[in-house]
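Biologist: Please take a close look at one helix pair and the nonpolar core around it. I would like the geometry before the contacts.

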Amino acid sequence: MGSDDDDGVPDYCKGENAAAPGSKDIFVQLVISLALGISAFVAFCILRPRWKTLYAARKRQSDPKIALPALPDSFLGWIPALYRITEEQVLASAGLDAFVFLSFFKMSLRLFAVMLFFAAVVLLPIHKTFDADPINPPDGSPGNTSFYMEFAQSYPLRYPVDLEYTLADPDPEDKSLTYLSSYLIFTWFFTFLTLYFMNSETSKVVRIRQDYLGTQSTITDRTFRLTGIPQDIRSEEKIKEFVENLEIGHVRSVTLCRNWAEIDALMAERQVILRKLEEAWSAYLARDIAAEAVYNSRQRQEGDDTLEGSGNGDEESQESRRLLAGDGLQHLISERERPKIRLRFGFFKLRSKKTDALDYYEEKLRRIDDKIRTARRKEYTPTDTAFVTMDSIAACQMAVQATVDPRPGQLLSKPAPAPSDVIWRNTYAPLYKRRLQSWAVTIFITFLSILWFFPVAVLAQLLSICNIEKVAPAIARTLLDHDVTRAFVQTGLPTLVVSLLNVLVPYLYDYLSNIQGMVSQGDVELSTISKNFFFIFFNIFVVYAVSGSAALADFWTIITKSLVDTRTIAMKLAGSIQNLNNFYLNFIMLQGFGLFPFKLLQFGSITLYAIYRMGAKTPRDFAELVQPSLFNYGLYLPTALLVFILCLVYSVLPGAPIVLLLGVCYFALGYFVHKYQLLYSMDQPQHATGGAWPIICGRIVVGLVAFQIVMIAVLVLRTAFIAAGFIVPLVVLTFWYNSYSRRRFTPLTRFIALRSIKRASDPGSESRPDRDPSQVQQQTRLTRRTSTIDEDREKGMKFVNPSLISPLERPWIYQDPPPPLDESPLDSNTGSVSGNESLAPMPRSNNGLGSVASSFSLGDTHVWRDNGDNNV
C-alpha cells in the first residue's frame, strides 16, 4: 500500500491508479479463460464421436444430397475437414442466413488482421518513441501501469485526467503537428479500411443473394403479402381479379387471412389434452413393466424351488408350468390399477371425485375433435391481410417493388415469409393491437435498459479497489495483500458476471420480440438482434465507459455537468476508455478463449437435456429430446458486433496490437465454432434470406462513429485540438456513406432483381453489363444441387393456417409414432378435413415399452436410435 498524503488519500487511489487493473489482472484472466476453454474443447473432442445424436444431429437428419463431408472421428482431424468446406457447400446445406452470418466473421478476421499489421509495424514504434514523456496534471498523481500499456512500452503511460486542469490550463504547445498526428492519420485510414471491407463484403453478399434466390423457385419467392385490403374486395375471388387486372401476371392462389382465433384456440387446447392422455398411458404402461418384472422374479424363484424339490422332473410338468405362467401373467395384468384423476366441481370447486384418467382424457379428446371438425366448416370474418401466390417470381417481384394503390396505407405489397415461418395468430390480429404491443415492448425495453444501469454501474465500480475500500475496508486491505485474489475480484469477477448477464438477458429480449406482434419468425429474429445489441452496447460499453471513469464521479453527476458543458462527457469518456482497456481485454479473452469452446460443447444443451430427461414421460417427450438445438442468431450476433466495436475503438490507442490480436483470435475461433454448429449440430428454421446483413452494416457504422468520437475525446484530452478538429469531417463522411449505402444496397437485400431471375431462356443473358463476355460460360451460377435447401424445405407447402388442414394426431403411446386420424374431405371454403375414428391406441411393437424406462444417454444407445434414425 502506498503512503498517504496530508489529505489522507492513499497513492493507489489517486489519478489513474484508482481504476484500470494492471498486468496481474490480465494474467489471471488469461489463465481462467484458457483453463475454461481448453477443458471444454478437450471434452468436446472426446465426446463428439460418442454423442453423434447431439454433435451431428443436423447432419444425421439432413438430405443426403447435400453431401456435407463426414468429419473424421479423430481427436483433431475434424478441424481441417471443417476448414475445407466451401461457401457453396455452406449455402447448399445451411442457406443464406448462415452464409451471411459466417461472412461477417470472415470479413472481421481479414479486417483486423490487416489492422494488426499496421498497428504492430507503424503504431507500436510511434508509441514506444513518443509516449515516453509523461504529461502530468499539477497534483502529480501517478499514471496507470497495465499490461495493455506495458505491451506497447515498458514504462507507465500518463494522461492529464483532471478535467478542470485540462480545460482551464491546456498545454500551450499545440501537439496537432507532432506525433499525435498519427492518431489523426490512422483514424482516417482505419475508417476507410473498414468502409472498404464492408463495401466489398456487401457487394459480395448482394451478388450471391441475387444469384442464389434467382436460381431457385419456391412458393415463398412467388408469393407476396397484401395488407390494407379494403372491405369491398375482401374475398379470394375479388383479390385475384384485382391483382390480375394489374397485368403483371397470373394468380395461382390467394389465401385471405381470417379471424381464426377460435380454431387456433381449439387446436392449442387439443395439444394440451393429447399430452395429458399420453402421460396417463405412459403411467399405465410403466405399471405394466413393473408387474411383468415382479411376476418374472416370482416365477424364477418358484421354478428354482421346484427344481430343488423334484430334481429334473418330467417334460410334461415343465410345459404345464409354462402354460400356467402365461395365465397367471394375464391375470396380473388385467388386475393392475388404471391411473386416476381428481376432478373438482360444485360450489367454489369444494367437491371432488376420482375418475379413470384414460377414459376421461379420451372422451375429452373425442369431444374437442368434434369441435375442431365443426370449427373447420365455419366461415370466419376476413381481415385486411392476404397471401397472393403468382405464377412466376418476376410477377411477384414486380408486385412487391411497385406502389399498387394511390391511397396511403391501403393495398400495400410486401415480401411474404416462408409458410413455415408465418405466425398465423398475428396475421388476423388488428393493426392497432399489434402496434400497441410493439410500442409497449419498446417502452418496456427502454425502461429496462435504464434500470439495468444500476447493477451494471455497481459492477463497473468493482474495477476500483478504492471504491471497495469505501464499502468494506477490511476486504480491500485483504485484496491488497493478495494480488491474485485482488485481480480476480477486481477484474475477473466483473467480467464473468457481465458475460453471464450477456448470456441470460437476451433470452428475455427474445421472448419480448415474440410477443411484439410480428408476422414471421424471421422478423422476430432480426428484431432480437437489434434489441440485444442495443442492450449490450448501452450497458457494457456506454455505461461502463462513463461510470467506470478514473475520477470515480457519479454517472448522473457527469450527465448533469454535460448538460452545462458538452466537453465534460467527452473528457470523461476519453479518460474512462483509456482506463478500462484491461476490462475490455478481459471481456474479449473470456468471450473468445473461455466461452466459445463451451458453445461448441453445447454445455447448455447437455445441462438442459439432463433436466428435461428427468421430466420426460411420454415417447413424444423422448423424441423431442433428440431434436437438434436451434441456432438463434439474435443470441450470438450482438456479442460479436460489440467485440468488433471494441477492437475498432482501441485500434489506434497504445497497446492496439494486443487488442487487435485478441480480436483476430476471437473472430477466428467464432468462425470455426459457428460453422460447425450451423452445418452439423444445430438447426436454423428461420428464413430471413440474409436479412441480418443490413443490421450488421448499420451496427458497424455505429462502431465507426463511436471510434471517431473516442479519438476526438482522446486528442482533446491530450490538448491536440487541431487534430481533433480534423476528425469531425470524418464523422460527417461516415454518416453520408451510411445513407448512400442504404440507398444503394438495401433494395437488393430485400428484393430479387428482375435480371437475376433465371428462366428457361433469357434472351438478355449474353448482354449483362456487369459480366465479362469471355467468362460467361465459365462464371455460371453458384455450384449447387438439383434443388436448394429452401426448395427442399418448402416442397409441398402452401400458405394455409395449419389449424385448418393439419391432421389430428393420435396419442403417441409406443415407440413408433402412430399415423394421424384419417380425415375425409369436406365441402367447405377452408379446405378442411374430417373423420370419425376411435381413440383406441395402436398395438405396441415388440420393444415398444423401452421408451418408458429408457436410461440417460446422449449417444447412439438412446432408445430412439436402437432401430436407426427413422424414429425421430
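Modeller: In this predicted model, α27 passes α29 in a right-handed crossing, meaning that the near helix is turned clockwise from the far one by less than a right angle. Helices here are DSSP runs (H or I, at least four residues), numbered from the N terminus. α27 covers residues 633–649 and α29 residues 692–717; their axes lie 9 Å apart at an angle of about 30°. Axes are lines fitted to C-alpha atoms over the stretch in contact, and angles run from 0 to 180 degrees between N-to-C directions. The two helices are therefore roughly parallel (angles under 35 degrees).

On the α27 side, the residues in contact (heavy atoms within 4.5 Å) include Leu 637, Leu 641, Phe 644 and Leu 648; those of α29 include Ile 696, Arg 699, Gly 703 and Phe 707. By class, this contact has 14 nonpolar residues, one polar and one charged; Ala, Val, Leu, Ile, Met, Phe, Trp, Tyr, Cys and Pro count as nonpolar, Asp, Glu, Lys and Arg as charged, and the others, Gly among them, as polar.

The largest nonpolar core has 131 residues, and Phe 104 and Phe 112 have the most contacts inside it. Such a core is a set of buried Ala, Val, Leu, Ile, Met, Phe, Trp, Tyr and Cys residues joined through side-chain atoms within 4.5 Å, where buried means under 20% relative accessible area (1.4 Å probe, protein chains only). α29 supplies its largest share, 17 residues. Leaving aside residues up to four places away in sequence, Phe 112 touches Phe 644, Cys 647, Leu 648, Leu 660, Val 664 and Phe 667.

Residues are numbered from 1 along each chain as its sequence is written, and side-chain values use heavy atoms, without hydrogens or water. Local features need pLDDT of at least 70 and side-chain atom pairs count only at pLDDT 80 or more, while totals for chains, interfaces and linings use all residues.

Conventions: Angles under 35 degrees count as roughly parallel, over 145 as roughly antiparallel, 65 to 115 as roughly perpendicular and the rest as oblique. Buried means under 20% relative accessible area, exposed over 50%, partly exposed in between (1.4 Å probe, protein chains only).
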